[in-house]
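Q: Please take a close look at one part of this structure, the pairing of its charged side chains. A description that also places those pairs in their surroundings would be welcome.

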Amino acid sequence: MTSRIDPLTLEVVELIGTIVARYHQEYEEAAAKHSLTGAQARVLGLLSGGPTPMRRLAQQLKCEPSNVTGIVDRLESRGLAERRLDPADRRVKLAAATEAGRETSERLRGSLDFAREPLAELSDEERTVLRDLLKRMLGVAP
């Protein structure tokens with residue numbers, strides 16, 4: 001038995017896909033303006049939230065730990081990240097953004113206009129409804 005998707009659902013899925021593709025394109029372009037790859041920018045953004053175990057970064061990015069090692073190596077060589085031992089478990093290496101890394105990440109996020117500009121045209125109520133619907137789709141309580 002083949003399930004059929006109704007036209008409205010198909011249209012919504014296609015619109016979400018278009019929004020995601022545009023966001024990724026703008027994110028890559030913004031990262032490049034800071035001489036970063038998209039992956040480096042994503043890691044730097046995660047590290048701006050606080051020191052993170054390398055293994056957890058790999059899980060969050062859904063990639064192999066060796067990929068994260070290379071990304072952190074490049075960020076570290078530019079003075080944007082550093083490695084630390086976890087004080088709770090000295091066998092665990094943490095990656096952390098430096099002050100320069102946090103500033104770069106903040107500037108990069110501030111330059112992302114694609115989502116911010118269209119959202120600014122929505123009322124507070126519309127943005128709240130959109131947020132709550134997106135959270136519901138993700139299975140996250142609003």
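A: The account below takes the charged pairs in turn and then turns to their surroundings.

The model is predicted, so that local features require pLDDT of at least 70 and side-chain atom pairs count only at pLDDT 80 or more, whereas totals for chains, interfaces and linings use all residues. Numbering starts from 1 along each chain as its sequence is written, and side-chain values rest on heavy atoms, without hydrogens or water. The chain has a mean pLDDT (the predictor's confidence in each residue, from 0 to 100) of 90, and 96% of its residues reach 70 or more.

Side chains of opposite charge can pair when their charged atoms come close. Across the whole structure, 8 salt bridges are found; the term denotes a side-chain nitrogen of Lys or Arg within 4 Å of a carboxyl oxygen of Asp or Glu.

One of them joins arginine 102 to glutamate 99, with an N to O distance of 2.9 Å. These two residues lie 3 residues apart in helix α5 (residues 99-110), and are therefore separated by about one helical turn. Helices are DSSP runs of H or I with at least four residues, strands are runs of E with at least two, and both are numbered from the N terminus. Arginine 102 is partly exposed, at 34% relative accessible area, and glutamate 99 is partly exposed at 46%. Here buried means under 20% relative accessible area, exposed over 50% and partly exposed in between, with a 1.4 Å probe and protein chains only.

A second pair links aspartate 89 with arginine 91, whose closest N and O atoms are 2.9 Å apart. Aspartate 89 is partly exposed at 23%, while arginine 91 is exposed because its relative accessibility is 73%.

Arginine 131 is partly exposed at 42%, as aspartate 132 is at 23%. Beyond these pairs, Asp73, Glu76 and Arg83 are linked in a network of salt bridges.

As for the surroundings, strand β3 (residues 89-97) runs antiparallel to β1, joined to it by 2 bridges. Two strands pair if DSSP finds at least two bridges between them. The order β1-β3-β2 makes up an open sheet of 3 strands with antiparallel pairing; its edge strands, β1 (52-53) and β2 (81-86), each pair on one side only. Proline 53 stands opposite leucine 94 in β3.
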